[in-house]
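Notebook open, model loaded. I wanted to look up charged pairs first, then surface and core.

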Amino acid sequence: PPGFSFEVTVPGSGQIFVKAADKAGNVRITDSLRSVVLEQDAPTLTSPVCAGADQYSNSHTVTLTAQDAAAEGTAPYGYSGLQKVYYSLTKEGESAPAAGFEQVEAFASQRPALMDDIPALRTKDLQIEVRGGALSGSYTMTVWALDWCGNTSAQQTIALNFDTVAPALAVQITEGEGYGEADYHNKGFDVTFTVTDDRTFEAADFTPVVEAQPSGANITFQAALAGDGKSCVYTAQVADSAPEGEYRFSISGTDKAGNALAEKYEADASVNAGQNAVSAVGGSLVSRTKILDTTAPQAVISYAAPAAEHIYGITAYHAQPIPVSVEFTDDQSLDGNKLNYGYGAGTLTADDALIADAAYPQELLHPTAQPGATQAQGTVTIDADGAYRLTISGTDKAGNPVVVTEKQDTQFVAQDVSTQDGAYESGNNLVLDTQAP
């Protein structure tokens with residue numbers, strides 16, 4: 001039999017049936033071939049609304065209502081229902097939408113299977129959240145809707161301002177010559193947080209805090225906002241005379257658009273930037289603890305038994321090996337690897353006063369100290385015949401030179417002690433002579 005086709009021209013909805021009759025009068029009516037909706041009216045959109053659209057933000061929420069062609073809510077329906085809502089963002093001064101920001105809001109994965117499903121797709125209240133991502137500046141958001149018959153609504157637009165550039169934080173610790181190992185200082189230091197942004201902000205938008213400081217300290221931050229309102233310097237000064245102990249600093253906040261701080265570390269050449277690096281935690285950038293330690297470590301030299309058998313001025317003669325111990329103490333930043341002790345050998349002058357040809361130290365040793373300890377012990381036994389003089393040198397973690405005293409036994413002659421740059425040479429000579437004349 002020949003094929004045939006027909007065209008539905010009357011807008012509306014319904015079921016398609018086909019009736020066929022032959023010349024003998026036999027009639028066959030098919031079951032419904034399919035549901036059909038013929039719609040030539042486009043969907044409509046209300047004007048988009050966004051609170052704070054004129055303000056710079058890193059996200060905006062736009063609300064509007066989409067509706068397919070107006071019709072009564074009873075069958076047969078004169079509309080096919082909403083399929084999708086599209087929106088795009090076009091930057092001011094540009095003609096093409098921003099790459100990656102043409103989006104689709106879909107209401108259903110497929111067109112309605114039953115006529116009774118159509119009413120549920122007629123009207124939709126929309127909330128479209130647009131996050132800036134890489135956007136920054138003024139944009140026009142364009143919205144349009146599509147129904148299942150392919151009719152497209154008139155476009156609606158709204159202006160939106162985005163700022164997704166995070167304010168930058170530079171951290172600077174200025175110690176001058178008072179910087180020791182890691183975060184230890186033997187002189188005062190300045191902590192400076194510098195915040196810069198591409199748009200204006202207020203000093204109060206960011207909060208620098210002295211999170212910890214020793215009892216009696218009263219360290220606070222002072223803010224200086226630049227004239228253009230795009231940069232602010234927050235400075236805290238810890239003076240040389242400030243109480244010793246731990247200091248900890250942090251800063252947090254967001255710009256007007258809600259962007260959190262982005263870390264950038266800067267430091268003087270004298271500062272180990274790796275040790276002072278800061279880490280970002282939910283928009284709060286916290287510096288490592290700084291320790292002010294102005295107290296020098298102490299070293300006490302003890303000469304154990306046997307006592308010197310003969311004392312001539314500053315020279316002590318021993319006939320048996322000479323045990324020597326050095327006790328180091330420090331209140332906050334003791335480090336055995338930074339402290340040294342040892343002895344050098346040479347030849348006495350005729351008056352038993354000086355060792356003429358000694359190179360000090362001949363042997364360099366470090367005391368044993370556990371992490372966090374305030375004491376360290378060093379020992380050495382001189383057991384080879386010769387003339388010797390002890391040396392002590394080094395600093396604590398904060399760079400304070402060691403101060404040395406000699407603990408005398410009942411026979412030993414006390415000597416004046418002086419230090420310079422953490423180096424000390426004993427004023428007393430030790431002579432070991434185990435050979436009988």
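My entries follow, starting with the ground rules.

**Ground rules.** This is a predicted model, so I kept local features to pLDDT of at least 70 and side-chain atom pairs to pLDDT 80 or more, while totals for chains, interfaces and linings use all residues. Residues are numbered from 1 along each chain as its sequence is written, and side-chain values use heavy atoms, with hydrogens and water left out.

**Salt bridges.** I looked for a side-chain nitrogen of Lys or Arg within 4 Å of a carboxyl oxygen of Asp or Glu. I got four salt bridges.

Arg-131 pairs with Glu-129, with 3.0 Å between the closest N and O atoms. I checked cover too, calling a residue buried under 20% relative accessible area, exposed over 50% and partly exposed in between (1.4 Å probe, protein chains only). Arg-131 is exposed at 54%, and Glu-129 is partly exposed at 44%.

Next I looked at Lys-256 and Asp-205, whose closest N and O atoms are 3.4 Å apart in a salt bridge. This pair links distant parts of the chain, 51 residues apart: Lys-256 is in the loop between strand 18 (245–253) and strand 19 (262–265), Asp-205 in the loop between strand 14 (189–196) and strand 15 (206–212). I took strands as DSSP runs (E, at least two residues), numbered from the N terminus. Asp-205 counts as buried at 19%. Glu-202 joins Asp-205 and Lys-256 in a network of salt bridges.

Glu-211 and Arg-248 meet at 3.2 Å, N to O, in another salt bridge. Here strand 15 supplies Glu-211 and strand 18 supplies Arg-248, 37 residues apart. Both are partly exposed: Glu-211 at 38%, Arg-248 at 29%.

**Core.** Which residues have the most contacts inside the largest nonpolar core? I noted Ile-301, Val-324, Phe-328, Ile-392 and Leu-430, in a core of 24 residues. A core here is a set of buried Ala, Val, Leu, Ile, Met, Phe, Trp, Tyr and Cys residues joined through side-chain atoms within 4.5 Å. Strand 26 (322–329) is among the elements giving two or more residues, as are strand 23 (298–303) and strand 32 (423–432). Strand 26 gives the most, four residues. Apart from this core I found another of 23 residues, among them Ile-173, Ala-236, Val-238 and Leu-261. Background reminder: in soluble globular proteins, nonpolar side chains tend to be buried together.

**One last look.** I also checked Phe-4, which lies in the segment before strand 1 (12–15). Phe-4 is exposed, at 61% relative accessible area.
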